[in-house]
Amino acid sequence: MSLSDIAKAMKAIKFGLLSPEDIRKMSVVNIITADTYDEDGVPIEAGLMDRRLGTIEPGQKCQTCGNRVGQCPGHFGHIEMARPVIHPGFAKTVYLMLRATCWNCGKLLLAKEEYEKYTLMMERYKRRWPQLRFKLADRITKKANKTSECPYCGQEQYKIKFEKPTTYYEEHKEGNVKLAANEIRSRLERLTDQDAALMGLDPLLARPEWMVLTVLPVPPSAARPSITLESGVRSEDDLTHKLVDIIRINERLKENIDAGAPQLIIEDLWELLQYHITTYFDNETSGIPPARHRSGRPLRTIAQRLKGKEGRFRSNLSGKRVDFSARTVISPDPIISINEVGIPFDIAKLLTIPERINKYNLEQMKILIQNGPDDHPGANYIIRPDGRRIDLRFPKDRKTIADSVEVGYEVERHLKNGDVVLFNRQPSLHRMSIMAHRVRVLPYKTFRLNLCVCPPYNADFDGDEMNLHVPQSEEARAEALVLMLVQEQILSPRYGGPIMGGIQDYISGGYMLTRKETQVTREEASQLLTSSGFDGDLPEPAITEPEELWTGKQLASLFFPKDFNYTLKSNICLKCPTCKKEECEHDAYVVIKNGQLISGVIDKKAIGAGQPESILHRLIKDYGTDMGRFYIDKAFKLFLSFIDTRGLTIGLDDEELPQQAKDKVSVVVGEAEDKTAKLISIYNQGLLERLPGRTLEETLETKIMQELEEAREKAGEIAGSNLKDGNTALLMARTGARGSLMNLAHMVACVGQQSVRGERVIRGYQGRTLPHFKQGDLGARAHGFVYSSYKDKLNPIEFFFHAMGGREGLVDTAVRTSQSGYMQRRLINALQDVRVEYDGTVRGTDGSILQFKYGDDGVDPAKSDHGKAVNIDKIIERVISAGGK
Amino acid sequence: MAEENEKDTLAGKATAKAAKAKKSSPKKGYARKATKAEAHAEAPAKASKAKPKKAKAEGLKATPIETRAAYLKKLLVNYKGMLPDNLLTQLEAKLSGATMEEAQVKKIVDETYKAYTKALIEPGEAAGTVAAQSVGEPGTQMTLRTFHYAGVRELNVTLGLPRLIEIVDARRIPSTPTMTVFLDDDHKGSLEKAKEVVTRIERIAVENVAKSIEYDMVNASFIVEVDEEIAQDKQLDAEFIAKSIVKLKIGKVEIEGNGIIITPEVTAQDKIKRLRERILTLRLKGIKSIKRVLIQKENEEYILHTDGSNLSEVLKIKGIDPNRVYTNNVSEIAEVLGIEAARAAIIKEAFQVLDQQGLDVDMRHVILIADLMTSTGRIRQIGRHGVSGEKSSVLARAAFEVTVKHLLDAAAHGEEDALEGVTENVIVGQPIPLGTGIVELFMRFSNQKEAE
């Protein structure tokens, strides 16, 4: 479908009530039999599955419209109610109207002047603040309720009592009198259109008396299909069950009335009918027991069908199932471009793209048709200009078919390399959760994606699955390519920086390649550059004697544009009080001059994902997204190739501390224990000074926690400074590739305090956490301080406390995801209609202005430079350097 | 504007009130009290801004373009209104001191303008959705727990996801209301003076100064024993306390040394229990709902942090600096200072939560959400009882929450859904009016064929 096909656009939807006449007019059959099929399985005439209600079995023609299953829309029937029944959804509205009108003459209980005043007001509201008119209507209704004597006929007004869900009483002096539905209906009939309008109704579309049902529409059978089980037993839909109940009682009521049965019996049946109607509309109405299935399961009636996450609205109308989609497990592929997605042959053969045959592609299409549905570059269907589809699965001789196609035919061909598809991972939390990729058809059964697009999708490969959609129209493909292609999404609108970039080994590799000592031979350099797709010449070697050697920095520089200038403090920077800049002994000061990496190492700050001001960010801002894609595709591959040649592993050796360092750690930890003990004894002597606003116990807790935290930190520092120089775990933590110094300290030195709810562990037995301790023991060990490191082993008690902390973490994540998910749903729902208009203002759907200029300066955060509209320094730098030439 | 805000937050030193006042400064119609604050806070900024402007005018009149600075100023005047003010000031600051040729200066300004126009948002952009996603997505990475407030260890303040939800919910009272009270010039210098102010603010009830309260069954009377030390510290004495208790009108009140004997008129057991509560919670001094006040020294001045918030009352207290008082209770700000101030507070609070969690979110997203919440003149919740519930579209409301009620009401009211929003059009299967869907011009293919 293309835009030109949308000839008929829906402009508005009007809501209203069906009048009894409407219901009868649209009905095709008056249903009087409370049954569905007879013994032979034939629908009973005037029963709930009457053939006139539409076809549900394939092959049958509809008795009303003559269409077959797909075409017949289904037709409504109706049930004539023996006595009127209140529509439970409008019970409250009916109550408000009864209260506000005279029982005798049916007028709105407002004195003439007031009535006129409100009529004028309503007119004005309707024109100027249509949304507010309902609030005014509420006010009018309330006001009218206060009148105790009708200003028109002078009758005294009785108080009306409403008992949920559908009972009304009139409070007379002699006692409460129940109002029957027919009485209510006749009172509502007396209301004038004008009065109804004042009470917020639209009398043309919703007369008040229509809220009391005299006719009930019966939905077409297609809306409540019966299921035939394998055993041949028919199972009816919940709605059908409910309708059976309604008809049965209705008929009984009718018979009893006709037979002149006693009032009591009639009233009982009437009430029962009311109950069935109520549960038919909403089976979760408060105040009455829900109607149940024989098995005890509550029935799913109309309201339940619409409501909630699995209801019609959220599940079928706001979100729709689609064709041309696929889902499978994902796995990494560092070779393909970030713009690409690897698609298994099996999937490529099932997903198709309609391609119209023209004189340029005719021959190609013929080949595809001959290949058919089973060989890869093939086709599954041909669509002739008259709309007929030819299925290519069955004909044996596809050659003749291929020869018969002409220009103007359409071929549904397999997905092939270069096609545009949308790729998505749930939860789709931001727009980078659905991006356009180019197809790369590959063997095996998984979707393949470049590792650098993992951050925006938040994907890993522990079994994650992702979805793929194939746009079918040229418009859709064009939009996907221009707006949604991965490279166009590198810069996140959240903060105006790159959200994609290097992770883990990319960072380690970048660091290992660019650190000072890295030198490679001609052979190695050639190998590395070839594998990363570099097609230029090798630069002059940095060292010529005794053999030609290139520095890693030289290689890394090859992918920068020749006029690229850049400085940055890298992740390994220790943040010395005075920065020595280029002279930094850690090589943490990155300088790129004219496309040459002069000093500094490339690590997380330079190429990491989600790092504003990184090399990647600057390249994209200054040279465009093509450059960004080029850099990720090529240079990043160099880092990986390099780490491939050198290798990077961690093992138990990396968690080994020299004995003397271990001693230091135990001293530090021991000191902390002593200090804690001292604090406790001070507290026991009652000498502890209370912190303002805290109890003594809280003060002690805070102080102990401070002490222990300090100890863990110290232990961590000792660990950090005593690990061997070539420690790879340390390398990864320093460069930001993976893990932190704290993780490392946990492994080698001391795990530290375990916390539950932000406090030391306190729960357990009376006055103690475990029976191993004395009651009232406040010491570190008794409240979850883990002295050991992971490598040393945790003793059973420590392990237990550690598990407590760990469990809390898990619970926390679970709770957080649901909470933040709901918050996001609300945010999206509230803000989704807000857009920037042609005049630059930001407005909601109703045209109300929220901002005169978006964000007060009109700058799109996605196009901003980390939030700044323009990076003036960069421009100055560029202009000056250009002027120097 | 957004930049300014960011700087404030980053610097962290900008005082709360000052930041708030600045944030709302571009909008007119600022509430009276806030205007004062604004003037105060912006005074130095304006002064520095105003000077070059004057110089500009003089420079133009007095001498022909000779100096580079004058040239720059003339250049920038042309861009007034075309470039945002903060860019103009930045350009001026960065270029006036630099030594370069006029052509280069012009080039830089031109390039800046070019870059600015390139960075502008495009019509049709789904600014709302992007904002919602940008604020919502990092929610998954936030902590659930409440942490200590940076600086004031003793005060627990809700932070992270719960606080963000609270802001978006527009709750009338936050779970941990707190105020930051700055003192005026006379009081901010010394701890003694600060303490004086504290006694005026901090709510002191009988329970805070009573050592014990007992019910004497024999005489059917309460005996409240006043803790001399604390009472003195809070500048109270038994007599004052007794007088306050008299106002409760429960019965006879006598003083006996440190004790206050209250003989109530009622004697029923359950009523006595309730009376005891009433006596204990009787406010003697200070402001209602301010439970605790802590004094903090920041930047050479004493600042009060409170547990509990009551903006309107605190503003009346002598010794405070009314221009810099701040509370984290947004609806209170709306009540006392007006909706513009509340908008600024929402922005400040929400941004602070995100920033404090180390989440990088552009200011503009937060601003948009705050604008949506306050655009009607009162604070609306994001959700069913606010923005989403007040949408004009029936289908959009039904698709969000409380589906059935909205449909029934729509039927009774005879409402019409004009299908202008996103959800409605998704429901009926039409293109949505955002982004490329905003375009309402179509090419007629039949005409094209005819032309051929």
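## Where two chains meet, and what lies inside

In this predicted model, 91 residues of chain A are in contact with 96 residues of chain B (contact means that the C-beta atoms, placed from the backbone, lie within 7 Å). Several elements give two or more residues to the chain A side, among them those in the table. Helices (H or I, at least four residues) and strands (E, at least two) are DSSP runs, numbered from the N terminus.

| Element of chain A | Residues |
|---|---|
| β1 | 13–14 |
| α9 | 302–306 |
| α10 | 312–317 |
| α26 | 796–831 |
| α27 | 872–884 |

The largest share of this side, 14 residues, comes from α26(A).

Now follow β1(A) across to chain B: it pairs with strand β13 (residues 416–417) of chain B, antiparallel, over 2 bridges (strands pair if DSSP finds at least two bridges between them). Here A:Lys14 has B:Glu416 as its bridge partner.

What about the inside? A nonpolar core is a set of buried Ala, Val, Leu, Ile, Met, Phe, Trp, Tyr and Cys residues joined through C-beta atoms within 7 Å; buried means that 20 or more other C-beta atoms lie within 10 Å of a residue's own. The largest core has 110 residues, and A:Leu555, A:Ala715 and A:Ala719 touch the most other members. Helix α21 (residues 625–646) of chain A gives the most to this core, 10 residues. Leaving out residues up to four places away in sequence, A:Ala715 touches A:Val665, A:Val668, A:Val669, A:Ala745, A:Ala749 and A:Cys750. A second, separate core of 94 residues includes B:Leu76 and B:Met179.

Residues are numbered from 1 along each chain as its sequence is written, and chains are lettered from A in the order in which they are written. In this predicted model, local features need pLDDT of at least 70, side-chain atom pairs count only at pLDDT 80 or more, and totals for chains, interfaces and linings use all residues.

Notes:
Contact = placed C-beta atoms within 7 Å. Buried ≥ 20, exposed ≤ 12 C-beta atoms within 10 Å, placed from the backbone.
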